[in-house]
Amino acid sequence: MGGSRTYPYGSTSAVRAHVLAALGVLKLATADQMHRLMAPGHKDNKAFRNAALDLARHGLVVSEGSARDGNKLWNLTPLGLDAAAEVLGRPVGEMGGTGRGAARSGAPHAVAVNETVIAITRTPATATRSVPRQRPAPMAPSAPEQELAPGLVLEPRGMGWVGSWSTEVPLSLPTSRGNRAGVRADAVLQAPEAGLPVLFVEVDNCTESADTLAAKFERYLRYFRLKSKNPLGSESPVWRTQYPSTGREGHPPVVVVFNPGLRTGPQALKNRMNTVMELTRLVWSGSYHGAGGGYGAEERDGYYGYADAIPLLFTTLDRLQTSGPREAVWWRCGHGQWETLPDALANPDDHDAWYARDEQRRRQGDEEREQQHQEWAAERERWAQEPDLEPEPAPEAAPCERCKGPITGPLGYDLEFAPPEDGRHCPSCRTDLHQQYPTLRQAVFGRRSRSK
């Protein structure tokens with residue numbers, strides 16, 4: 001096999017480091033899974049099998065069983081856990097357990113978690129190299145900077161690297177007897193370079209009831225609500241002592257990766273998703289705030305507050321394996337469609353969105369008023385430029401029927417003692433007519449004004 005006395009199976013130090021790093025994160029895995037997670041550019045997983053056998057001779061790894069597909073499962077020994085911590089650059093106290101005994105039952109859930117980590121990470125196919133020590137995520141090598149192995153096809157980009165992951169992470173809740181694990185996250189991803197300061201991952205093999213799965217997110221909510229006081233006396237969430245801020249309103253996001261396998265058909269899986277979504281509505285829905293119509297709005301407008309809500313996302317393992325995590329493979333509860341991860345994590349109906357709508361209404365109102373003022377100014381300018389029209393001559397009054405003079409009477413005539421106007425005679429004629437003796441008929445029947 002071309003090995004040495006120390007490593008008779010001929011493994012290299014780089015591949016042995018890959019095995020230790022993979023098992024330090026995944027707890028237990030097959031050689032094929034370690035190969036696809038750490039160095040998919042290798043032709044096959046033979047180098048990882050040989051590295052596991054060499055490490056087993058030194059008491060660092062052990063195989064206690066096989067997965068259900070027949071592949072041997074490997075996990076670390078306590079001595080191997082120390083070696084993996086050295087490779088990953090993590091304190092031994094943060095490494096968790098060794099996964100001892102889990103392989104004896106085939107570990108179907110652990111195998112599904114491994115496949116989820118592989119599908120999201122999607123390590124580029126590059127030549128084998130030493131596993132880098134843990135370092136700030138922005139300094140982690142990105143996919144475009146790496147060269148593909150000859151003859152390999154470029155696959156969709158993933159998120160993070162092996163050092164971005166932790167599995168079987170206990171989230172403790174305080175009790176009268178101390179702390180206990182309120183919920184144990186299947187995996188936690190920290191990939192700030194991909195816009196994910198922290199993402200909690202749950203893998204569902206569809207073997208437990210929907211009620212049991214939904215109850216887990218209520219425990220997540222209790223954990224996220226926990227507060228602790230800093231030395232200055234102010235309170236902050238307990239989870240912030242372990243993980244960075246998400247930069248978004250509300251609690252950290254939690255994603256459920258459904259792995260129905262052959263046990264659950266498409267319709268049954270859809271029904272399961274809908275049931276879990278309804279049972280967890282109080283966890284992810286947020287609270288509505290009626291903010292009124294806002295500036296100049298005729299209709300009522302409001303927003304949802306997500307300060308005490310968990311962004312709950314659904315996806316399936318086959319979607320992640322086929323399309324990768326950067327495509328529209330995420331279903332955010334409350335959004336109602338498959339989206340990319342940034343769109344799924346966004347809150348299009350929160351206070352910021354309402355404020356943006358209100359600002360848009362304000363700008364639109366200002367623009368309408370400015371346009372109206374401009375129209376008024378243009379109208380005033382047009383009026384100022386038009387010439388003044390000559391006044392129309394007053395209609396000529398009809399002459400007096402009796403004297404044919406002006407019906408208003410001669411200039412300077414005193415109208416105080418003239419009879420009332422009748423529209424037919426001037427004041428002088430009205431006076432003369434009023435002073436004439438009445439005829440017999442007028443004396444009997446009275447004077448009647450003639451119609452015009």
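## Strands β6 and β9

In this predicted model, strand β6 (residues 196-204) and strand β9 (residues 254-258) run parallel and are joined by 5 bridges, where two strands pair if DSSP finds at least two bridges between them. V203 has V257 of β9 as its bridge partner. Strand β6 is mostly covered, with 9 of its 9 residues buried (under 20% relative accessible area with a 1.4 Å probe, protein chains only).

## Helices α1 and α2

Helix α1 (residues 13-26) and helix α2 (residues 31-38) have axes that come within 10 Å and cross at roughly 100°, the axes being lines fitted to C-alpha atoms over the stretch in contact, with angles from 0 to 180 degrees between N-to-C directions. The two helices α1 and α2 are therefore roughly perpendicular to each other, a term for angles of 65 to 115 degrees.

On the α1 side the contact (heavy atoms within 4.5 Å) is made by H18, V19, A21, A22, L23 and L26, and on the α2 side by M34, L37 and M38. These residues of the contact of α1 with α2 divide into 8 nonpolar, 1 polar and no charged.

## The chain as a whole

The protein chain has 13 helices and 14 strands, which are DSSP runs of H or I with at least four residues and of E with at least two, numbered from the N terminus. Buried residues make up 40% of its 452 residues.

## Basis of the values

Residues are numbered from 1 along each chain as its sequence is written. Because the model is predicted, local features need pLDDT of at least 70 and side-chain atom pairs count only at pLDDT 80 or more, while totals for chains, interfaces and linings use all residues, and side-chain values use heavy atoms, leaving out hydrogens and water.

Key. Buried means under 20% relative accessible area, exposed over 50%, partly exposed in between (1.4 Å probe, protein chains only). Angles under 35 degrees count as roughly parallel, over 145 as roughly antiparallel, 65 to 115 as roughly perpendicular and the rest as oblique. Ala, Val, Leu, Ile, Met, Phe, Trp, Tyr, Cys and Pro count as nonpolar, Asp, Glu, Lys and Arg as charged, and the others, Gly among them, as polar.
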